[in-house]
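Me: I am new to this entry and would like to be walked through it. Could we take it topic by topic?

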Number of protein chains: 2
Amino acid sequence: MRALAVEDDERIARDVAAALEGAGFRVERAADGETAWFLGDTEDFDLVVLDLGLPRMDGLSVLRRWRAAGRDMPVLVLTARGSWQERVEGIEAGADDYLPKPFRMEELLARARALMRRAGGLGAAVQEFGDLVVDLNRMSVARAGVPVNLTALEWRALAYLLLNRARVVPPGELLEHLYGDDDREANALEAVIARLRRKLGDGVVGTRRGFGYFFEGTSG
Amino acid sequence: MRALAVEDDERIARDVAAALEGAGFRVERAADGETAWFLGDTEDFDLVVLDLGLPRMDGLSVLRRWRAAGRDMPVLVLTARGSWQERVEGIEAGADDYLPKPFRMEELLARARALMRRAGGLGAAVQEFGDLVVDLNRMSVARAGVPVNLTALEWRALAYLLLNRARVVPPGELLEHLYGDDDREANALEAVIARLRRKLGDGVVGTRRGFGYFFEGTSG
DNA sequence: CGGCTCCTGTCAGCGTCCCGTCAGCACGGC
DNA sequence: GCCGTGCTGACGGGACGCTGACAGGAGCCG
């Protein structure tokens, strides 16, 4: 599964690429319209995430050119919130779906998978780690076949650890991801983790004292 | 393959008819609403291209009457460019797609083909989920054999959840899909969902607190 | 034009479930 | 053994979502 991320804002581009890679895509990146157009025209992608405000060639023009040339891969367009005009133009230009900014990475992934499913491909939404089964679309989890009901906050914490598996996530980072503002006591996070652990059992969320939390792929 | 071209501007009508004939359709023409309605009601067409601004009866009324009478042929509506409102009304009235004027004939043909593919192709217009039967062409629903009368808004909500089954749809996304502008209170959506549920019974529309709504394939 | 029906957004009230806080405890490091 | 870090159970305020009622408005019909 190959994806093309077209976005000139370096920070957003990095996040999008990381999220897509975490979902199993091999990701190519383009920071301007001409590069994007060239890549999309000469190579095959299973998914394109396309920002509209691009240097050198506007995103809509890029999309129109692809469509005119018969390139029919699913394209997810990033638009400014509430700008329905952009949306209409996007749809007319051949976009398959649009996502208003700002958005959460999980939502981007969910829509991307929905697109690919519609396109006929199989959106690999279900990931397994030992006896832990995670459905990123339904936002549901099952342990040893038993479905586990997570709240929104718990889910987002787990998903973040999942996307950043392979490294230890500092509590401050997790706090910022979950809330944004930092008005909470640090203990709030600990409470969330505790509830997560009680629901999921051992061997899922680990602690590295003094550093942070991490996802244990190997279920005990 | 028979097509009906409804358009009062003689020049455009001629072009549309020519394009459709070039694509292999046998084309009938109507220049006013009443004639169009009569033809569409009494004869079978595989495709209708419908302009909105018509003498004697508005295009939207024609469309609504057809749908009310159970005529489910694919209808491609021609609207003024950028008229978001017209588009929404058109879809609510039962249009399958719309095309903003001015347009290139190739685009009309492309959309027409896409419509027919959707209507006749394997995209099985009738889908069943347990004792719930949904006809995507007729825009009709039945539960346990009993037909359920949905309003335009309710239908679009259900259809969107259906199209995006396999994932949880955030309320903001559903709101945007239903309305486009964001002027509505969030509660409007809850009201629509509540009415949907009352009509359909349990086991169709589910809620995931903090995330959104989803379609439950497993009817209880 | 006037009356009727149906649709739908808004409002207020209510129940349920979150989840942040607090206090106390367990454990590891030195 | 002491301290600091992190974990846990309990609890209460509050957010979230559901529902019934109501009114404005659009369409339809006479």
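**The hairpin in chain B**

Reply: We may begin with a hairpin that strand 10 of chain B and strand 11 of chain B form, with three residues between them. In its turn, B:Gly210 has a positive phi of about 90 degrees. Please note that this is a predicted model.

Me: How many bridges join strand 10 to strand 11 of chain B, and do they run parallel or antiparallel?

Reply: Strand 10 (residues 205–208) and strand 11 (residues 212–215) of chain B are joined by four bridges, and they run antiparallel.

Me: What is the bridge partner of B:Thr207 in strand 11 of chain B?

Reply: The partner of B:Thr207 is B:Tyr213. B:Thr207 also belongs to the closest residues around DNA strand D.

Me: Let us turn to DNA, then. How many residues surround DNA strand D, and which are the closest?

Reply: DNA strand D is surrounded by 21 residues. The closest are A:Ala194 and A:Thr207 from chain A, with B:Glu190, B:Ala194 and B:Thr207 from chain B. Two or more residues each come from helix 8 (187–200) of chain A and from helix 3 (59–68) and helix 8 (186–200) of chain B.

Me: Which element gives the most to that surface?

Reply: Helix 8 of chain A does, with seven residues near DNA strand D. By class, the surface near DNA strand D has eight charged, seven polar and six nonpolar residues.

Me: And which residues come nearest to DNA strand C?

Reply: Of the 22 residues around DNA strand C, the nearest are A:Thr151, A:Glu185 and A:Ala188 in chain A, along with B:Thr151 and B:Glu185 in chain B. Helix 6 and helix 8 of chain A, and helix 6 and helix 8 of chain B, each supply at least two residues of this surface. The surface near DNA strand C divides into ten nonpolar, seven charged and five polar residues.

Me: Helix 6 and helix 8 of chain A, then: at what angle do their axes cross?

Reply: The axes of helix 6 (residues 152–163) and helix 8 of chain A come within 10 Å and cross at roughly 85 degrees. That makes helix 6 of chain A roughly perpendicular to helix 8 of chain A.

Me: Which residues meet there?

Reply: From helix 6 of chain A, A:Leu153, A:Glu154, A:Ala157 and A:Leu158 take part; they meet A:Val192, A:Ile193, A:Arg195 and A:Leu196 in helix 8 of chain A. This contact of helix 6 with helix 8 of chain A has six nonpolar, two charged and no polar residues.

Me: New topic: chain A overall. How many helices and strands has it?

Reply: Chain A has eight helices and eleven strands. Of its 220 residues, buried ones make up 34%.

Me: In what order do the strands of its open sheet stand?

Reply: Five strands of chain A form an open sheet in the order 2-1-3-4-5, with parallel pairing. Strand 2 (26–30) and strand 5 (97–101) of chain A stand at the edges with a single partner strand each, so one side of each has no neighbour in the sheet. On average, neighbouring strands of this sheet are turned by 20 degrees against each other, direction ignored.

Me: What about strand 1 and strand 3 of chain A: over how many bridges do they pair?

Reply: Strand 1 (residues 2–6) and strand 3 (residues 47–51) of chain A pair in the parallel sense over four bridges. Within this pairing, A:Ala5 stands opposite A:Val49 in strand 3 of chain A.

Me: Is A:Arg111 buried or exposed?

Reply: A:Arg111 counts as buried because it has 23 C-beta neighbours inside 10 Å, and a residue needs 20 or more to be buried. A:Arg111 is found in helix 5 (residues 105–118) of chain A.

Me: What does A:Arg111 touch?

Reply: Leaving out residues up to four places away in sequence, A:Arg111 touches A:Leu76, A:Asp97 and A:Leu99. A:Leu76 is 35 residues from A:Arg111 in sequence, with 8.1 Å between their C-alpha atoms.

Me: Last one: which peptide bond is cis?

Reply: The bond from A:Lys101 to A:Pro102 is cis, with omega near 0 degrees. A:Pro102 sits in the loop between strand 5 and helix 5 of chain A.

How values were computed: Residues numbered from 1 in each chain as written. Chains lettered and ligands numbered in written order. Predicted model: local features only at pLDDT ≥ 70, side-chain atom pairs only at ≥ 80, totals over all residues. Near = placed C-beta within 6 Å. Nonpolar A, V, L, I, M, F, W, Y, C, P; charged D, E, K, R; others polar. Pairing = 2+ DSSP bridges. Axes fitted to C-alpha atoms, helices over the stretch in contact; angles between N-to-C directions. Buried ≥ 20, exposed ≤ 12 C-beta atoms within 10 Å, placed from the backbone. Contact = placed C-beta atoms within 7 Å. Parallel < 35°, antiparallel > 145°, perpendicular 65-115°, else oblique.
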